[in-house]
Amino acid sequence: MDALADLRARLADQDDLYLEFLRVGSMSAGLYSLSAGAVDPQTPHNEDEAYYVVSGRAQIDIAGELHPVEAGAVIFVGKKVEHRFVDIAEDLEVLVLFAPAETV
């Protein structure tokens, strides 16, 4: 099984939207999955965040400004900035990188 397929299976097994798969002091990484039509429950984070859209199509609302996203898109969101995915037209899979590691 390839690494992405393994992450997808682990995420499905835990029945959650986010699976953290890497954590060191300077950063953490995870896979985030939202179904088409879903409501993104995110709230601002205390860390800078970068997204890489693996698959799907939606928009991201960053501080009230909408940006279309699809597979291959890279998005940066500064710490404590309001943001969430909206208008999710196709199931969305996103690689998420936090720096430093996300606080819980």
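How many helices and strands does the protein have? The predicted model has 1 helix and 6 strands. Helices (H or I, at least four residues) and strands (E, at least two) are DSSP runs, numbered from the N terminus. Read along the sequence, they follow the pattern α-β-β-β-β-β-β. Residues are numbered from 1 along each chain as its sequence is written. Because this is a predicted model, local features need pLDDT of at least 70 and side-chain atom pairs count only at pLDDT 80 or more, while totals for chains, interfaces and linings use all residues; side-chain values use heavy atoms, with hydrogens and water left out.

Start with the overall dimensions. The C-alpha trace spans about 35 × 30 × 25 Å along its principal axes. A compact globule of 104 residues would have a radius of gyration near 13 Å, and the protein agrees, with 13 Å. That radius is taken over C-alpha atoms, and the globule rule is 2.2 Å times the number of residues to the power 0.38. Of the 104 residues, 35% count as buried. Buried means under 20% relative accessible area, exposed over 50%, and partly exposed in between (1.4 Å probe, protein chains only). Contact means heavy atoms within 4.5 Å. Among contacts with a separation of 6 or more, 63% join residues 24 or more positions apart.

Now the interior. Nonpolar side chains tend to be buried together in soluble globular proteins. Here the largest nonpolar core has 18 residues. Such a core is a set of buried Ala, Val, Leu, Ile, Met, Phe, Trp, Tyr and Cys residues joined through side-chain atoms within 4.5 Å. Tyr51, Val69, Ile75, Phe85, Leu92 and Val94 have the most contacts inside the core. Strands E2 (27–34), E3, E5 (74–77) and E6 (83–99) each give two or more residues to the core. E6 gives the most, with 6 residues.

Leaving out residues up to four places away in sequence, Val94 touches Gly30, Leu31, Tyr32, Tyr51, Tyr52, Val53, Val54 and Phe85. Glu93 lies in strand E6. Is Glu93 buried or exposed? Glu93 is buried, at a relative accessible area of 12%. With residues up to four places away again left out, Glu93 touches Arg8, Leu31, Tyr32, Ser33, Tyr52, Val53, Val54 and Ser55.

Next, the aromatic rings. The whole structure holds 3 aromatic pairs. Rings of Phe, Tyr and Trp (its six-membered ring) pair if their centres lie within 6.5 Å; planes under 30 degrees apart count as stacked, over 60 as edge-to-face and the rest as tilted. One of the pairs is Tyr18 with Phe98, which is edge-to-face at 6.5 Å centre to centre and 80° between the planes. Tyr18 lies in strand E1 (residues 18–24) and Phe98 in strand E6, so the pair ties together parts that are 80 residues apart in sequence. Tyr18 is buried at 19% relative accessibility, and Phe98 is buried at 3%. Tyr18, Tyr32 and Phe98 form one aromatic cluster.

Strand E3 (residues 48–62) pairs with strand E4 (residues 65–70) in the antiparallel sense over 6 bridges. Two strands pair if DSSP finds at least two bridges between them. Ala58 stands opposite Val69 in E4. The hairpin has 2 residues between the strands, and Ala63 takes a positive phi near 50°.

Asp61 belongs to strand E3. Its side chain reaches the backbone nitrogen of Gly64 at 2.8 Å. Asp61 counts as partly exposed, at 23% relative accessibility. Beyond its neighbours within four places in sequence, Asp61 is in contact with Leu66, Glu82, His83, Arg84 and Val86. Asp61 and Val86 are 25 residues apart along the chain, with their C-alpha atoms separated by 6.7 Å.

Some backbone details remain. Asp15 sits in the loop between helix H1 (3–14) and E1. Asp15 has a positive phi of about 50° although it is not a glycine, and Asp15 is exposed at 73% relative accessible area. Lys80 is found in the loop between E5 and E6. Lys80 is not a glycine either, but has a positive phi of about 65°. Lys80 is exposed at 59%. Finally, the peptide bond from Ala99 to Pro100 is cis, with omega near -10°. Pro100 lies in the segment after E6.

Terms used: Polar contact = N/O pair within 3.5 Å; in protein donor to acceptor, adjacent residues only side chain to side chain.
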